[in-house]
Amino acid sequence: MDLDQLAALRTPAGSAALAAAGELAGGDPLTAASALRAAGVPPTLAAAALTQAELRHRAVGKFGAAAAGMFLTRPGLEQATRRVVADRRAARLAAAGVRTLADLGCGLGADALAAARAGIRVYGVEADPLTAEMAAANAAAAGLSELFTVECGDATTFDVSGVDGVFCDPARRSSGTGRRIFDPRAYSPPWDFVTGLAERVRHTVVKVAPGLDHALIPAGAEAEWVAVDGDLVEAALWCGELAEVPRRATVHRTEIHQLTGSGAAEAPVGPPRRYLYDPDPAVARAHLVAELAAELDATLADPSIAYLYADRPTRTPFARCLEITDVLPFSLKRLRTLLRERRVGRVEILKRGSALVPEQLRRDLRLAGDAAASLVLTRVDGAPTVLIGRPVD
């Protein structure tokens with residue numbers, strides 16, 4: 001995709017090609033390409049339309065029905081914020097009184113569009129010309145061009161004195177290879193610039209990778225980890241007047257649930273008990289396991305492993321619960337014999353603090369039978385341990 005191809009897709013002929021490609025999305029790509037060419041679509045336009053149709057099909061999980069009218073790139077789609085997460089962030093910014101927002105490194109515009117839908121005037125800055133043009137096209141498709149405008153340029157030179165809020169989502173992939181960048185100091189814009197925004201704008205939010213080292217969190221910032229349906233999707237730093245608590249875990253399921261705390265508390269330690277809780281990854285990454293333990297009257301069996309144990313089941317959106325029937329020192333032979341005696345033919349395997357590879361263990365167990373069980377590979381008092389149980393609905 002280049003600027004000329006994008007311009008062609010935005011013509012009436014391009015719109016017709018996109019509509020035809022959309023009908024063919026999800027099928028055999030060679031058959032789809034032949035069908036478009038047979039309909040008189042030029043090869044270059046057909047290829048561009050089919051690429052967009054494929055990306056739009058993949059984007060439905062992030063953007064819902066709006067994906068059908070968006071212009072996308074593969075790297076941009078991978079890094080774009082899910083709509084449910086972006087909408088919640090925009091609502092929080094609007095509630096804090098943000099009326100004008102600079103989106104530095106706006107990408108395809110997912111967060112900027114959410115802010116615009118919340119009534120915030122957004123000024124997007126994007127270094128890549130094609131991505132900037134796509135963001136503008138996405139604003140037009142959403143009917144939000146008056147609230148979200150984009151300029152192609154260097155985010156570090158944008159004058160933030162005229163806005164009352166800043167959102168920055170620094171690039172976390174190499175522009176040359178597309179490989180992920182795990183060290184925030186290698187982000188673009190640079191990490192020092194990103195964290196320095198909070199000193200210049202009183203409402204600053206920075207989107208970061210969920211693997212962010214807690215040691216890199218700026219003093220006074222609120223660090224939030226976000227999970228959607230059990231998948232950890234991002235972290236964000238809320239700075240200045242937006243910081244409310246040291247740590248926050250936000251869990252999106254059928255509803256939105258939040259757990260907050262210091263991120264420094266330690267949960268009590270004790271032996272395994274009847275019920276095991278596997279915390280949502282947002283809770284674990286936010287270092288809020290101790291706060292969850294207090295809610296569940298639960299303990300850890302190992303201070304370095306985020307499995308919680310309690311005497312009774314408690315409904316919580318922040319963890320999955322298993323009823324434990326057996327706690328055994330790990331022995332492949334003993335475990336295989338026990339599962340065979342119980343005619344267990346299907347197992348789910350969870351693990352924390354274990355070097356075992358679940359799929360290899362599944363093969364080694366040589367399961368046979370019509371019963372099911374859950375296996376938890378972990379450590380208790382430093383010793384490799386396997387727990388056998390079943391999910392609690």
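Two strands count as paired if DSSP finds at least two bridges between them. The model is predicted.

Q: In which sense do strands S4 and S5 pair?
A: Strand S4 covers residues 165-168 and strand S5 covers residues 203-208. There are 3 bridges between S4 and S5, and Phe-167 has Val-205 in S5 as its bridge partner. The sense of the S4 and S5 pairing is parallel.

Q: Which strands stand at the edges of the open sheet of 9 strands?
A: The order of this sheet is S3-S2-S1-S4-S5-S7-S6-S8-S9, with mixed pairing. Each edge strand has a single partner strand, so one side of it is left without a neighbour in the sheet. The edge strands are S3 (148-152) and S9 (256-261).

Q: What angle does the direction of helix H6 make with that of S7?
A: Helix H6 (residues 83-95) packs on the sheet and touches several strands, including S1 (100-104), S6 (222-228) and S8 (247-252). Strand S7 (231-240) is also touched by H6. The angle between the directions of H6 and S7 is about 15°.

Q: Over how many bridges do S14 and S15 pair?
A: The open sheet of 7 strands runs S11-S12-S10-S13-S16-S15-S14. S14 (344-351) is an edge strand, pairing on one side only. With S15 (residues 371-380) the pairing is parallel, and Leu-350 stands opposite Val-376 in S15. The number of bridges between S14 and S15 is 7.

Notes
Residues numbered from 1 in each chain as written. Predicted model: local features only at pLDDT ≥ 70, side-chain atom pairs only at ≥ 80, totals over all residues. Heavy atoms only, no water. Helix = DSSP H or I, 4+ residues; strand = E, 2+ residues; numbered from the N terminus. Contact = heavy atoms within 4.5 Å. Axes fitted to C-alpha atoms, helices over the stretch in contact; angles between N-to-C directions.
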